Amino acid sequence: MRSFMSDHPPRILFLYGSLRERSYSRLLAEEAARIITEFGAEVRFFDPCELPIYGSVPDTHPKVQELRKLSMWSEGQVWSSPEMHGNITGIIKNQIDWIPLSIGAVRPTQGRTLAVMQVSGGSQSFNAVNTLRILGRWMRMFTIPNQSSVAKAYQEFHEDGTMKDSAYRDRVVDVMEELYKFTLLLRDQVDYLTDRYSERKEKAAKETIQLANNALK
């Protein structure tokens, strides 16, 4: 096994996009979590129940703080959404909306790896994962090439919630293996990979102004 700088398991956060008792986006996420745990990752879930609609409460709300702390804890994330009316659900979008691009000097998503997955009630579609990719790029995450889209999800899970053996499950294994590897490769290089000329230029300008102000005091 190749040696990497960090010696702790990759930290992966799972978000899912349905509040139903038998939520297939949650079952898919739970199956993926079991798989990536076998590869050696540490996983955590955020339960979106009782997360207020974005902007309806101050960001000091306990559920908002819980979500943001989990995002900062993570080194990689998995977003799993049902496809509803041809796109992602408001449940998953609301979670992403509550995670800002920056909190002071801290960026809760920048440089994290991301895997996207979706479940559909009918034939296979890629609308939800395509939207999740757009959001991942906007959040400055490294979205891996592979993805999972499970058609007729109600047929793909056992009563106990585990996923049936199928080509769909094989793809989930592929996605989790790829996420695990990308996270190992990138997590110690985040500062270098996300260091931007425009931000260095802006920082230098602020420092110049600060020095000038200090000289006038």
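One definition to start: buried means under 20% relative accessible area, and exposed means over 50%. Keep in mind that this is a predicted model.

Now to helix 4. Which residues of helix 4 are buried? They are Ala128, Val129, Thr131, Leu132, Leu135 and Gly136. These residues sit on the same side of helix 4, because they cover an arc of only 160° around the axis. Look at the face turned away from that buried side. Arg137 and Trp138 are there, and both are exposed.

What do the buried residues pack against? Their partners include two strands, strand 3 (76-82) and strand 4 (113-119). Helix 3 (90-97) is another partner. So are strand 5 (142-143) and strand 6 (148-150).

Next, a length check. Helix 4 runs over residues 127-138, which is 12 residues. At 1.5 Å a residue, helix 4 should span 16 Å. The end C-alpha atoms are 17 Å apart, so the two values agree. Just after helix 4 comes Arg140, with a positive phi of about 60°.

Let's move to the start of the chain. Strand 1 covers residues 11-16, and strand 2 covers residues 42-45. The two pair in the parallel sense, over four bridges. One example: Leu13 has Arg44 in strand 2 as its bridge partner.

Last, the record. Over residues 10-154, the chain is 33% helix and 20% strand. The end C-alpha atoms of that stretch are 31 Å apart.

Definitions and conventions. Residues numbered from 1 in each chain as written. Predicted model: local features only at pLDDT ≥ 70, side-chain atom pairs only at ≥ 80, totals over all residues. Heavy atoms only, no water. Expected span 1.5 Å × (residues − 1). Buried < 20%, exposed > 50% of the residue type's maximum accessible area, 1.4 Å probe, protein only. Arc of directions from axis to C-beta. Contact = heavy atoms within 4.5 Å. Pairing = 2+ DSSP bridges.
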